[in-house]
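My notebook is open and the viewer is loaded. Here is what I looked up, entry by entry.

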Amino acid sequence: MIVLSYLLIFIGCVALSLSMKRHFKQCYPQRRMPSLKNLFIFRIIGFTYLLLSTSIFIVEQGWGIGLVLWFGLLTIVAFLQSLLLTYKPQWIMPIGFIGLVGAVSYTNISL
Amino acid sequence: MNKQLTDIMQKESFVVLSRALAAIIGGYVLTNLSAILLSYLLPSQSSSNVMTGMVVSYAIYAGIVIWVYSVKSLQHVWRCLLITITICAVITTLLMPEGIF
Amino acid sequence: MNTNTQGNFRQSMKWLHTWAGIAVAIILYFMFVTGSAGYFNDEITYWMQPETPTVNNGIDQQSMMVLAEKRLAKVAPNATQWWVNFPIGREYALSIWWPEKTKIDADNDGKMDDEWHDEVLDLRTGEPIAVRKTGGGNTLYYMHYALHYIPSVLGYWLTSLCAMFMLIGLITGIVIHKQIFKDFFTFRAGKKQHSWRDMHNVLSVLPLPFHIMITYSGLLFLMFTTMPGVLTASYGPGEENRDRFYDAIYIQDAVHKDTVGIAANNISLSSVFPDVEQRWGKGQVSYIGIENRGDINAHIELGEVGYDGLESGRSLTYNAVNGDLQHASHGSKSSSAAMTFYNIMTMLHEGSFSGPLLRWLYFISGLMGAGMIATGMILWASKRRERADKKGFASNGLILIERLNVGTIVGLLIGIATYFWANRLLPVNFAERENWEIHSLFISWAATLAYPYMVAHKRSINKIWVDQLTIAAVLYGLLPVLNFLTTNVHLGNTLLSGNWVLAGFDLTMLVFSVCFAFSAYRMLAKEKKVMATLNTSNVKNSKMARNNTITTDKQVILPIEKVEL
């Protein structure tokens, strides 16, 4: 379950950074900037994934440890994300996609 | 003499030091007094009031320091600090339970 | 120049942020680094006592208990307390503890005082094992709030003061940061001070919940020392009144009766195990102890390994005369909302409830805190360095901070590496070896602080960074090698036997070494680039520099360092 919530946090971070103009440009230097509305959708997706991962942690580990773990992981993942955006922005979408596939298949297996 | 004094008071190092003292020492005294007042005025029993006062004291301290540094006039800072400290000290003395010292 | 009084709120907060930070940066950095290491205090101690026998899972706790009790009866037949720690959870050895009445303090009216003794036991024979004396991870952990070489109370006050500066730094940092969420992931590389600012922001904002929690709870830990006014104003001065207050806030969970002076035979400690194992299952005891030994009021206390949420696990208290269960506790109870807040914050700070993953997250967050302080120090210097380079001269203050930065940021880490080296190199029976381990930490740190001054005339500040980073890379990188040469708990054995704690220590040192080597390499590349651009305008620059020497008497020329290379 920790793996799943870790993936969800990562996907959330990717979506959140895509909702910011500067980082969208880093991931897609050629593509035209999407409209503000579409950027906002990315933001909603991002927060949804983060919320999802929080709830998984809380259900799995209880309020105390769940939240501590979530904040700890979010810190590390967001830090890695900011390094990726700087040095290897072209890796983000593939990794995000693999993460998504991983999360979906993980959920299917455990269900 | 008077002119010398104003000269010193306008020196940068004096201004910096004075403000730092106001924040650190003045802030500490006022923090303690207000935390004590809080522990006197809260409705529940004294042990938990004392605990509350101690637990929030650092937030009060931080607030005072921020205030000291956000006010432009240093004289105003010291005036306000000293007046508040005096008022708090008087109320604290009045409210202090008898015979604890 | 009243920069602090002019301008708007944000401006004054910026001033406060900068100077509150730089004023205590060195101590804060020290606190963050040693505190982070403290999250692995038991593991570090384990590594620093390589004689500790490897845990054999085949031996059950009750038979360990029999051995421990036999040994205690031999070495401490008259002790009023016996304690045994089992190698479970984050304990890595079977150890026994007992107090002995000794006259220690001459100034204490010759009063008898307890001196604690401890031994590590062999799991099969129960005989004591000679483990080397070491400061271990606990000394690092203890230093992060009590510092070293000064009375601990003074240490508490100093670290609390620094934590207060840190709190101010955090609040003002939030105020002056214009776009916390917009810049959440932003790190622009290769842009001099902007990159440092971005990194400082990233290292501050991402772990912000951790930073706020760790700072405020750190203050709360020491509040009985640093905020005694509130307590005194309601309970009065003196130790007795203080104890009255503690009795009121801490609900006595276990039944701890005092001795009555009537001698009685006590049951053996291992005899309670069947009942305990029925309640908790096999092998779940983390410690067991007997208090008031030999008295009719003697009792046996056991703690369960593991945690229930943030709270420590269950404990059981037995009557040591008839073996009846006196009390079974489950977690702590709080007497008030403030007490709950205090408990939660201090538990979060210590993170004792953490499993391996969470412990690593704590460690990394702590290091990010150290990185936040370090980047703040570098940012301070690099901003003024850019300005100074434009003007052609730098102030003494800037040069001082630039040199202190290297000696602090890399130097402390070199000091800690030396601490580990000393542990392996000092002879096992060296007198006061545990103190000399720590002395070597501070001696080497002092050397790295002095080094920039000793070589200032021939090496640029960038070169000094490269030097110290290289030294750090070598010291950390060779630690596993040293471990291989001096002990048999080296990577070859620990990896094969799956001892991930000891192997993890060596591997972590290798990772640190790679990080330092990489930084040194990048720094060297940067220095070469600077040199290349300087060489083209060498003549012009040195002329300018010389002019500056003449025109400014008190200011020290900065470019000269680079030019003369």
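Is strand S9 (residues 315-319) of chain C largely enclosed by the rest of the structure or exposed, and why? I found that four of its five residues are buried, so S9(C) is largely enclosed by the rest of the structure. For me, buried means that 20 or more other C-beta atoms lie within 10 Å of the residue's own, exposed means 12 or fewer, and partly exposed is in between, with C-beta atoms placed from the backbone. Strands (E, at least two residues) and helices (H or I, at least four) are DSSP runs, numbered from the N terminus.

Some ground rules before I go on. I'm working with a predicted model, where local features need pLDDT of at least 70 and side-chain atom pairs count only at pLDDT 80 or more, while totals for chains, interfaces and linings use all residues. Residues are numbered from 1 along each chain as its sequence is written, and chains are lettered from A and ligands numbered from 1 in the order in which they are written.

Next I checked the neighbours of S9(C). Strands pair if DSSP finds at least two bridges between them. Strand S6 (residues 299-304) of chain C runs antiparallel to S9(C), with five bridges joining them. Here I saw that His299(C) has Asn319(C) as its bridge partner. S9(C) is also joined to strand S10 (residues 325-329) of chain C, antiparallel again, by four bridges. In that pairing Ser315(C) sits opposite Ser329(C). The S9(C)-S10(C) hairpin has five residues between the strands, and Gly323(C) takes a positive phi near 80° there.

Then I zoomed out to chain C. I noted 20 helices and ten strands. Of its 565 residues, 41% count as buried.

Last entry: who touches whom? I call two residues in contact if their C-beta atoms, placed from the backbone, lie within 7 Å. Two pairs of chains are in contact, and chains B and C share the most contacts. Chains A and B don't touch, and their nearest C-alpha atoms are 20 Å apart.
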